[in-house]
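Morning, everyone. Please have a look at the model on the screen, and then I'll take you through it.

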Amino acid sequence: KSTFWFGFARMWLAGFWIYCPSGEWNNFHDLSMIVYLIFTVIYHQLLIAAKRSIDKRAANSGKSRLLLRLLLLDSPILVFCFILHKVYRVPGAYSWYAFFEWFLVGIDALLDYYAFDDLLQGTALELTGTSKQH
């Protein structure tokens, strides 16, 4: 149940930070992005734990996606570019901030693809396991 609720909250948070422009709703945009990143890391850890509970051979499942999860933590670069843009008014800093922000969207889409693939494999394992019992 916790995986579902983290995923549900994550979906809304993604909508908040993607569709609320940072120029108009700056604090709301930034806060929802920070909470989204935290929830994303927790969500994917819960998914890995769920996969391990279904398939004991999935012990290396978390290691194979560690790089993608680490790439989600490029937020210090986001913060740095944002400060350069807002505080120091460095030309082009907001463009770099936007690139890293959309990079997060791409990485998250890949992680969601792998999570969906794990879900399909887990369902197939569960169906295969029950069909052998009957």
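Is R89 buried or exposed? R89 is exposed, at a relative accessible area of 59%. The terms work like this: buried is under 20% relative accessible area, exposed is over 50%, and partly exposed is in between, with a 1.4 Å probe and protein chains only.

This is a predicted model, where local features need pLDDT of at least 70, side-chain atom pairs count only at pLDDT 80 or more, and totals for chains, interfaces and linings use all residues. Residues are numbered from 1 along each chain as its sequence is written, and side-chain values use heavy atoms, without hydrogens or water.

So what is pLDDT? pLDDT is the predictor's confidence in each residue, from 0 to 100. The chain has a mean of 78, with 80% of its residues at 70 or more. Confidence is highest in helix 1 (residues 2-19), at 87. Confidence is lowest in helix 3 (residues 61-64), at a mean of 59.

R89 sits in the loop between helix 5 (75-86) and helix 6 (93-133). Helices are DSSP runs of H or I, at least four residues, numbered from the N terminus. R89 is not a glycine, yet its phi is positive, about 55°.

Now helix 2, residues 26-54. Helix 2 has 29 residues and spans 42 Å from first C-alpha to last, close to the expected 42 Å. That expected span is 1.5 Å times one less than the number of residues. Buried residues in helix 2 include H29, Y36 and I48. L31, also in helix 2, is exposed at 54%. L31 and W17 lie 14 residues apart in sequence and 8.2 Å apart in space, C-alpha to C-alpha.

Notes:
Helix = DSSP H or I, 4+ residues; strand = E, 2+ residues; numbered from the N terminus.
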